Amino acid sequence: MMHLLKIEWMKIKNYKVFLIIAIFFTIGILLSNYIVYSVFDNMINNSSAAMLLDKFNPYDFKYVWKSVSYTSGYLLILPVLLLIILITNEFTFRTNRQNVIDGWSRKQFINVKMMLALIFAICSTLIVIITGLIFAYRTGTSFSFDGFTHVGFFFLKALSYNLIAVFISVWLKRTGFAVGAYFIYMGAENIIAQLLDFWSLKIKATSSFDPGSMGDYLPMNASDGLLSFPDNPLKSIAKSALPTDYTNIVIALAIFYVVLFYWMGRRQIIRHDL
Amino acid sequence: MAILTVNQLSKNYGKIPALQQVSFSVPKGSVFGILGPNGSGKTTLLGIIMDVLKSSGGSFQLFDEVPTENTRQRMGTLLETPNFYHYLSAVQNLKITAAIKQKDEDDIDRVLEIVNLTQRKDSPFSTYSLGMKQRLAIAAALLGNPEVLVLDEPTNGLDPVGIAEIRELIKKLAKEGKTIIMASHMLDEVEKVCTHVAILKYGKLITFGDVNEILVNDDIVEVASSDLERLKNTLINMPGNTHVQTTNETVHVNFAAGTANLEAVNKFCFENGIVLSHLQLKKKSLETKFLELTN
């Protein structure tokens, strides 16, 4: 696998788009967290608002992993975009064929792309951890791993977003189609998720059965649903009316979707004409 | 030993059969031309052999073995179009090819020199002309000096000088004992370099074998006199002819390629008391032969 990754690196390292998106992503994570951080910092320093919020700072070490994972999650669309471009480029240049002609198996071709999706997810997670450390130390609180599972959830979200991107790319083959389809799917899934969530509320209110937030059972929303911004103490009062979060079911589903898209992406490359 | 053995290979695109139960074998050391008009299944055939297309039936072997990806690393292949990363230079692209084929990068300079791309080796592929792209694809196929070359329309997009150079290159490689499988619709290309030929039409194999047996290319002498019947009967006795036939107003006499001698024909007729009113050498073109075979 190392040999395959070395070749993949040869393809990527001189590609300007790769460099630009990687830089935008890193800066974007730092910047978006900085904005959230400074909003709360200002509120704390403003005495009347601070009373309301009970001096709640989401970047204290106690909350930071939850906050940084949630805030950074929105930027995962950038590595997704990069992955779609890198994979559909192979189809546009027909280098997917040439790689196989020159002596890769179809399995090697798709495996290294899956590996790339995994590496992108790992790198995104590392950037998030570093960002978390930077801002948490600025609050002056002492180091803590409280809520570090949320970094794991962020990784799961990155991985599932990336694998959906790999599947859509190898399925549609054209950059424009694939990017468009990804966004349309994202929008459509969110609308359906909202409807399902609304329905969940109704079911919970009218019967004794609590189905949980059913919107979270969809592929993208499963890993989205695991991440949330830390609740400030005032807000949690409203929570009791909402459906229960069956976190374990959602984690299981999120992992199931990761495996599903991995399997579908591989199948597409191995079974069809290139 | 056969380099390639194809057995009952078929491929359908939906309901359209692109390849129908094609079987043949390519002997080691041959220059094997796969000939056929556009859409006859040449590229489909080679695509299946290189595992970029899935066959609908049949099987094939390379080096008398069931092929794997490692088998393909022993072959240099140019299939249909030059496929490279547009934003990388020739050298960067060939480094990727070398890494996949597990060949030494040191060979890159040599192959770029063969196809005259040394001067432009650091320019991005996207800035190349069609002919240069084709040359780079040939360079990639030559990388690591493989024992078998598969070239699909190798002279596509090349200028006349380039075409001649590639032809010479193929002849030189054949002399070195390499096996070359070449698909083409250019008949003179095949005639000039190939030792063996397979002819495809609508996905069916029409014939295959030694090029000299399949593309026999007789000289034809067209003659006429006042009495065609007598002329024909006389010429049948002329030494060296392979076939005599009457057409509407002339008689056609076939001779083996390059042996027809108009003076000798004229003299032979005159000595037999016939004065010719018409005497002309007609080379039977390869096109005619090809059309005969494919129609």
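In what order do the three strands of the open sheet in chain B sit? In this predicted model, the order is 2-1-4, and the pairing is antiparallel.

**The open sheet**
- Strand 2 (16-27) and strand 4 (57-62) of chain B are the edge strands; each has a single partner strand, so one side of each is left without a neighbour in the sheet.
- On average, neighbouring strands here are turned by 15° against each other, if you ignore direction.
- Strand 1 (residues 2-13) of chain B runs antiparallel to strand 4 of chain B, and five bridges join the two.
- If you want a residue pair to look for, B:Val6 has B:Phe60 in strand 4 of chain B as its bridge partner.
- Helix 1 (residues 42-49) of chain B packs on this sheet and touches strand 1, strand 2 and strand 4 of chain B. The direction of helix 1 makes about 115° with that of strand 1 of chain B.

**Strand 3, tucked away**
- Five of the five residues of strand 3 (residues 31-35) of chain B are buried, so this strand is largely enclosed by the rest of the structure.
- B:Val31, B:Gly33 and B:Leu35 point one way from the strand, while B:Phe32 and B:Ile34 point the other way.

**Who strand 3 pairs with**
- Strand 7 (residues 179-184) of chain B runs parallel to strand 3 of chain B, with five bridges joining them.
- Strand 8 (residues 196-201) of chain B also pairs with strand 3 of chain B in the parallel sense, over four bridges.
- B:Phe32 has B:Ile181 as its bridge partner in strand 7 of chain B, and B:Phe32 stands opposite B:His196 in strand 8 of chain B.

Terms used
Residues are numbered from 1 along each chain as its sequence is written. Chains are lettered from A and ligands numbered from 1 in the order in which they are written. This is a predicted model: local features need pLDDT of at least 70, side-chain atom pairs count only at pLDDT 80 or more; totals for chains, interfaces and linings use all residues. Side-chain values use heavy atoms; hydrogens and water are left out. Two strands pair if DSSP finds at least two bridges between them. Axes are lines fitted to C-alpha atoms, for helices over the stretch in contact, and angles run from 0 to 180 degrees between N-to-C directions. Contact means heavy atoms within 4.5 Å. Buried means under 20% relative accessible area, exposed over 50%, partly exposed in between (1.4 Å probe, protein chains only).
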